[in-house]
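I opened the model and kept short notes on what I looked up. The entries follow in the order I made them.

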Amino acid sequence: MMTNPALAVEDLAVLHGEQALVRDISFEIPAGGVFTLLGESGSGKSLLAQAIMGNLPSTLRCEGRVAIGGEKTPAGDQSSRHRGWGRRLALLPQEPWLALDPTMMVRAQVAETYAVVANEPRSRARMLADRALASLGLSDAAHKYPFMLSGGMAQRVAFLATHAAGAPLMIIDEPTKGLDADRRGEVLELLRSAQAQGMSLLCITHDIWLARALGGRLAVMLEGAMIEQGEAAEVLAAPRHDYTRRLLAADPGSWPAWPAPAVAPDAHPIVQVDQVGKSYGRQALFSGIDAHIKAGEIVAVSGPSGSGKTTFGNIVLGLARPDSGSVQRAAGLALTAFQKIQQDPGAAFAPRIRLRQSLLDLVKLHRLDWGVLDALLARMRLAPALLDRLPHQVSGGELQRIALARVLLMKPALIFADEPTSRLDPVTQQDVFALLQEHLRDARCALLLVTHDADIVDRVAGRRIDLGR
Amino acid sequence: MRRPAPVRFRRALLAAAGTALLPWHAARADDRGQPHSHVFTAAAADVLTVVGPWEMTGLDPSRAGYMFARMEVVETLLDVDGRGRLQIRLATRWQVSADGLEWRFTLRSNRRYHDGTEVTPESVLACLRRAHGRPGVLSMAGIRSIAVDSGAIVFTMARPFAPLPYLLTHSSVQILAPASFDARGNVVKIIGTGPFRITSLSLPQQFNVERFAGYGGLPIPGLVQRARYISVARAETRTLLVESGQADLAFSLDPPSIRRLQRSPKAVLLAEMLPRTTFIKLNSGHPLLADVRVRRAISLCVERQGIARALLRDPDLGATQLFPPSMRAWHDPSLPPLRTDPLAARTLLEQAGWRLGADGIRSRAGTRLALTLTTFVDRPELPLIATALQEEMRQIGIAVRVVIGNSSDIPAGHRSGALQMGLVARNFGNLPDPVATLLQDFGPEGGDWGAMGWRNGEVPGLLQRLASGTQAPPAQQQADRARVAAVLQSELPLIPVVWYRQVCATSLRIDGASIDPYERSYRISQLSWK
Amino acid sequence: MTTISSRAPAWRGIATALAQRLLQAVLVALLVGTLCFFMTRMLPGDMAYRIAAGRYGYDMVTSAAAEAVRLELGLDRPWLAALGDWWQRLLQLDLGVSQVTAEPVMVEIERQLWPTLRLSVLAMFLSLLVGPLLGVLAGLKPGGLLDRVTLAVSVVLRALPSFLLGLVLVLVFSVKLGILPAAGHDDHGSIVLPALTLALGMAAVSCRVARDAMVQVRGSAYFAFALTKGLSMRQALLRHGLRNVAAPVIAYLGVQLVYLVEGVVLVETIFAWPGIGHALVHAIFGRDVPMIQGTALVLGLMFVLFNALVDTACAFIDPRRGAGHAA
Amino acid sequence: MTTAYSPSSDLVLDEAPRRLGRAQRAGIALLVVIALFALFGPWLVGIDPARQQLERFLEAPSLAHPLGFDQLGRSMLARLAHGARLSLSLAAISVLSAAIPGTLLGLLAAWRGGWLERVLAAFADAVLALPGLLLVLLLTAFTPGGFWPLYVGISLALWVEYFRVVRAASRILLASPHVEAARLLGFGPVHIVRRHLLPELLPRLFTLMRFGFAGAVLAMSALGFVGVGLQPPTPELGVMMIELLPYYGEAPWLIGAPVLLLFLTLLGLLLLAPEREAA
């Protein structure tokens with residue numbers, strides 16, 4: 001007798017009114033298998049996951065059939081799948097930080113699943129939770145609240161809480177978003193061990209590295225449809241679809257290295273950082289850091305998360321004061337010569353002011369020429385009509401390009417880019433970096449870059465400042 | 001997301017919300033008293049509840065002494081009946097020397113204080129001397145000394161003062177046991193001689209009393225044995241207490257509440273005229289008011305019956321003269337009544353040289369006829385009457401600004417001379433013989449609560465004669481009183497507006513309630529349960 | 001994202017908050033003292049007369065009585081000396097002697113504090129029982145019938161002066177139904193109506209706060225996670241919903257205390273409840289400044305005390321606050 | 001599930017047209033009617049609100065006099081119209097005179113930080129704990145007569161709310177990336193306040209102001225309750241509530257009128273809010 005597939009999806013579609021947001025989806029995950037959905041945000045992969053969970057917003061409608069562990073239900077009958085939550089299918093949400101109850105200690109959140117979902121007695125549930133936490137090296141965290149955890153720890157806690165009732169199928173939503181290389185490794189290990197315990201995984205990601213490492217089967221999504229499906233290794237090695245090829249090329253691992261900018265060795269540095277140190281409360285972030293940055297240089301700031309990379313950048317910009325040491329700008333630089341590109345472009349604009357107004361204010365303030373901005377925007381391939389929107393009505397990639405244009409308008413000597421693309425899709429990320437490279441070269445502007453992605457640092461930066469100890 | 005059957009849970013929460021509203025069930029369950037028609041007042045089933053607006057601001061007789069007197073806890077040497085005639089109380093008889101300078105009061109024997117000690121002349125003397133040493137009624141009599149002489153209390157006077165026995169009926173001259181005072185002479189406990197004694201006292205709001213076995217008299221079954229007084233500031237609340245059956249006697253009800261209670265099946269109303277008059281106290285020395293024509297014009301514009309009907313709900317209370325009919329000796333039915341005639345009022349003002357301006361206000365030689373009427377909120381009807389008067393004076397061309405403050409503004413304004421007009425209510429029954437009160441009000445300098453800046457030689461003389469002349473024939477006294485009333489009526493140093501009727505609500509479960517027109521007692525010792 | 005490796009320094013957070021409250025208490029005292037001092041000097045009319053009226057009843061106020069009062073209280077002393085004296089006594093917690101009853105203000109307040117505390121604590125309790133429960137139910141179904149009804153009721157309650165609300169309650173529960181005493185303080189259950197009057201006023205608002213918090217919690221990632229983890233709606237609500245709703249509701253209680261303290265003044269008067277608020281009204285009537293000062297001070301300090309309790313409760317319900325993380 | 005459903009901007013790009021909801025339109029209509037009543041009511045009614053006809057006291061509503069006569073036989077409609085004009089304009093002034101200084105001080109405290117912020121915050125905390133009655137009493141002590149000082153006194157107690165809200169929100173906003181960006185781009189305080197802070201603060205301030213508005217009128221009635229602020233014959237809604245309270249049984253429409261007017265005003269203000277807020 002054949003074992004039932006862990007998940008079988010037939011002709012699944014998600015509709016908003018008459019408009020199909022996701023359509024013609026059919027795939028199967030064998031028991032213990034792995035299936036990866038690769039695509040950028042907006043491709044419908046998250047909607048697909050929600051449709052399988054039975055968790056779509058009530059404005060959306062769903063067609064087709066979903067079978068979990070052999071039990072087939074019409075996809076539209078979402079509530080019937082609720083009963084299996086935690087027991088037969090589980091979801092590891094993205095941003096595990098937000099998914100944990102902020103007012104409850106870690107152990108209780110894990111034990112809760114044992115007790116309430118798996119119906120273990122209370123004391124045994126606590127014991128099991130302790131054991132599970134220990135297995136992932138989280139014993140210390142048992143009596144902490146989520147806000148005291150790092151992102152990686154929170155993710156492992158969320159995994160345990162999800163996993164505790166022993167659901168054989170787990171849907172994992174963007175598990176590596178915003179994580180650095182070490183943490184990505186941890187996540188991979190976590191998923192592999194889950195698989196080793198016999199779980200079937202449906203992994204939704206835009207991380208090509210993760211998709212490759214997980215193996216199993218893989219599908220690429222674009223505009224709500226699966227454009228390519230096959231064994232992961234095959235698809236990634238020999239993409240058939242044009243979009244898949246582009247997606248793969250956008251992976252920083254496949255970028256060509258940037259040519260080193262021509263910097264005169266005797267050129268005077270635009271900023272000189274001497275022996276700066278900074279503490280956060282009682283905890284020293286870093287100390288004794290020296291850096292001389294010259295015009296046109298590209299310098300990466302590296303170090304483990306929590307090592308104060310953003311703080312260091314802000315000290316260089318003059319936004320924060322160092323506890324010790326000094327930062328000296330080259331004489332003759334305008335006050336606005338140092339600029340910053342933020343991690344979240346949506347947070348970098350006044351939220352209730354239309355973009356055009358924001359930019360107009362800037363042009364007026366510095367008596368600039370709007371024509372220059374127009375030209376910049378054109379080079380960023382931004383439609384002028386976008387400016388009539390509010391910041392949250394513009395996509396992240398577009399907004400980051402507008403932010404870049406705004407910064408370049410100031411003709412800066414140095415740009416501090418703080419995780420400028422960590423919230424963007426690979427293709428958009430590549431785009432933004434290409435534009436950045438082009439303008440840095442033209443303007444002979446220095447770049448201080450913070451990114452968790454070691455590949456980007458390798459390809460882009462000329463040298464690095466290491467804050468880690 | 002979809003809601004997997006949250007209905008049951010919502011229902012559970014609703015039920016919980018329901019139980020949240022149930023603390024009074026607990027309160028009722030807590031109730032271990034005897035069953036009664038009002039479940040919640042079981043504690044008060046055999047306790048008579050009296051409510052009034054007055055707070056016990058202290059134990060000293062000069063502060064809340066009147067409350068302990070009303071609840072029949074304390075007594076005075078003498079008392080008056082409902083018609084103002086002197087009655088004996090702790091004193092059995094009294095005599096005055098021929099020259100009127102020595103008064104001798106003989107004390108009743110075998111009376112005991114609530115703590116069981118005997119009422120001795122010395123203990124009485126101590127209370128009288130204490131009262132004499134403080135501001136109060138005794139200070140107006142001109143007492144030289146008080147002493148004990150062979151078991152009687154002897155007052156030696158500087159000059160003859162006929163109303164002295166009436167002064168001794170005042171609650172601030174109440175007699176307390178020596179144990180009531182601490183070493184420094186402050187009252188720390190109320191130990192009186194009345195038919196009720198205090199069982200518990202929580203200042204400033206409430207005290208409970210029960211019948212004092214040592215008072216004497218036969219135990220009549222059904223009489224009220226226990227009672228309590230609760231001070232309730234708002235008239236609305238007192239009315240609601242009666243309506244809900246929580247209170248048995250409620251005093252000082254405002255007219256709207258009276259109307260409400262008239263329709264209520266749970267209360268019976270008692271009414272009694274009090275010797276209290278609401279009048280406009282005028283500064284006759286003020287340049288605008290010195291002219292008697294202006295005063296008369298103001299009097300003519302006052303719609304007394306209208307105010308009485310609309311605001312007091314009792315058209316009979318419109319004051320046709322200063323003294324209400326309940327002051328039998330002073331009210332003169334033959335006196336031509338005060339009239340309402342705005343036309344005549346305008347004519348009088350024209351005659352006095354006040355010409356109507358464009359804004360409807362009169363002026364003379366550049367001076368506007370604008371005055372301030374001061375009143376206070378202690379009696380809730382006063383601001384209302386002041387508002388009505390303000391409009392009526394505006395109709396004849398007098399601009400009036402109403403200032404509502406504290407009752408002390410009146411005597412203070414009187415002393416500083418800044419007062420122009422004040423709307424006040426004066427209790428002439430403060431002392432059962434009004435002569436003493438009138439002497440204060442119409443003395444040569446006027447009085448805090450009486451005339452102000454009024455130059456008249458005749459009235460003070462007449463009053464003086466009434467106060468000292470014990471030997472004058474009654475007919476002469478009657479003529480003097482009538483003359484005083486007539487002069488006040490024509491000169492109008494005070495413009496009477498309305499008289500006053502005390503209304504008391506009683507619950508249906510008591511019998512024998514009556515009102516003391518001198519507000520000295522609630523007469524609870526005469527009440528019985530139905 | 002900052003990682004905090006040590007265990008929650010919740011106690012330190014609470015301690016700082018309490019120190020802040022202590023400072024607040026001292027400032028309140030000084031502010032009340034200064035205001036009351038100026039009030040004595042600025043109130044129109046003669047202070048001695050006012051006090052005499054309060055003492056002897058207004059029929060008995062005479063100039064002689066006022067003079068006696070003036071002498072007794074030293075009302076004619078120079079300003080500066082009086083202010084210095086005033087401050088000194090206040091800081092020694094000597095609140096002086098009531099000008100109306102001639103008793104030490106402290107003694108009077110001792111007498112009135114307990115009823116007021118009882119009333120306000122019960123009111124707070126009732127409001128927390130009624131408001132948030134209805135709010136949570138309304139928040140479960142935003143735009144539903146209960147949501148609309150509670151919104152309408154809360155608007156009505158906010159437009160109604162509290163004395164009118166009290167009146168309506170008395171008419172219903174005492175006059176019509178006869179199940180609760182209308183006023184007073186020594187009959188069984190007489191605390192219920194005044195407490196309910198205060199509670200309804202507060203519940204009108206806390207209901208909406210809870211409703212909004214519930215809507216927010218229902219849309220939160222952790223609530224959704226609790227459901228996908230396999231908890232039923234009921235379990236998720238009880239285990240994760242209510243506590244997270246409680247945090248903003250309790251925090252808002254701190255704001256509502258203003259309403260409570262002011263409400264006590266009116267409600268105590270209309271229900272003849274012998275507490276601080278009632279005493280304040282009488283002190284205002286009688287212009288009894290030491291008593292105004294004393295009662296205002298106690299009301300202010302009560303506010304501070306309750307606020308400190310709210311702070312502590314918040315820190316325990318929401319550990320982020322205790323650690324000083326949430327602004 | 002909301003976490004997983006992060007609507008890409010491409011899905012919802014159609015800019016939501018800023019059309020007013022049904023509730024908002026009802027709110028505006030209600031407020032316009034009330035404002036018209038307050039502005040033109042006195043003129044339309046055309047009766048002197050002080051004119052008393054004692055014989056018509058507590059006369060029930062009729063076609064000619066829709067709200068009847070009050071306890072002194074004055075036209076209730078005329079008094080309500082005049083009272084609405086006075087109370088609503090004074091309430092508006094009191095709300096503004098609390099909101100403007102409160103907001104400015106809150107901005108100042110958040111902007112400057114340091115000791116200035118601490119001093120202001122401590123002072124605000126102390127004022128918050130102060131019974132509001134006391135402040136009003138003090139003000140009446142200084143300037144007796146008139147409703148003005150009373151409303152100003154009320155706003156003296158209310159500014160703290162604005163201060164606290166503005167300070168707390170501004171502190172968070174001032175630390176936000178968009179303000180950081182604005183500073184790096186060379187913008188000064190005026191621009192940051194105008195473009196970054198105020199647009200975020202205004203909805204919250206508006207919420208506070210709405211309830212402050214009703215609160216000011218109710219505070220007047222509370223003052224009337226303790227015998228402060230009675231100024232006959234001027235009609236004022238809050239004082240009317242307390243003056244007409246005794247007649248609740250005989251003539252409930254009298255006390256009902258000012259309460260209903262206040263309720264409608266509050267309702268209008270509530271409906272006006274773009275989304276429902278709690279406090």
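**Entry 1: a sheet in chain A**

I began with A:Ser302, whose bridge partner in β18(A) is A:Asp466. I read strands as DSSP runs of E with at least two residues and helices as runs of H or I with at least four, numbered from the N terminus. The model is a predicted one, in which local features need pLDDT of at least 70 and side-chain atom pairs count only at pLDDT 80 or more, while totals for chains, interfaces and linings use all residues. Residues are numbered from 1 along each chain as its sequence is written, and chains are lettered from A and ligands numbered from 1 in the order in which they are written.

I then looked up the strands themselves. Strand β13 (residues 298-302) of chain A is joined to β18(A) by 4 bridges, and the two run parallel. Pairing here takes at least two bridges found by DSSP between two strands. The open sheet has 5 strands, in the order β15-β16-β17-β13-β18 (chain A), with parallel pairing. β15 (338-341) and β18 (463-466) of chain A are at the edges with a single partner strand each, so one side of each has no neighbour in the sheet. From one strand to the next, the twist averages 20°.

**Entry 2: a helix in chain B**

Is helix α13 of chain B enclosed or open? I found 7 of its 8 residues (434-441) buried, so the rest of the structure largely encloses it. Buried means that 20 or more other C-beta atoms, placed from the backbone, lie within 10 Å of the residue's own. Among the buried residues of α13(B) are B:Pro434, B:Leu438 and B:Asp441. Their cover includes α5 (164-167), β12 (267-282) and α14 (458-468) of chain B.

**Entry 3: chain C as a whole**

I counted elements next: chain C has 13 helices and 0 strands. Of its 327 residues, 61% are buried. Among contacts in chain C with a separation of 6 or more, 74% are between residues 24 or more positions apart; a contact means C-beta atoms, placed from the backbone, within 7 Å.

**Entry 4: two helices in chain D**

I looked up how α5 (residues 148-174) and α7 (residues 189-225) of chain D meet: their axes come within 10 Å and cross at roughly 155°. α5(D) and α7(D) are therefore roughly antiparallel, a term for angles over 145 degrees. The contact includes D:Leu150 and D:Tyr151 of α5(D) and D:Met220 and D:Leu223 of α7(D).

Conventions:
Buried ≥ 20, exposed ≤ 12 C-beta atoms within 10 Å, placed from the backbone. Contact = placed C-beta atoms within 7 Å. Axes fitted to C-alpha atoms, helices over the stretch in contact; angles between N-to-C directions. Parallel < 35°, antiparallel > 145°, perpendicular 65-115°, else oblique.
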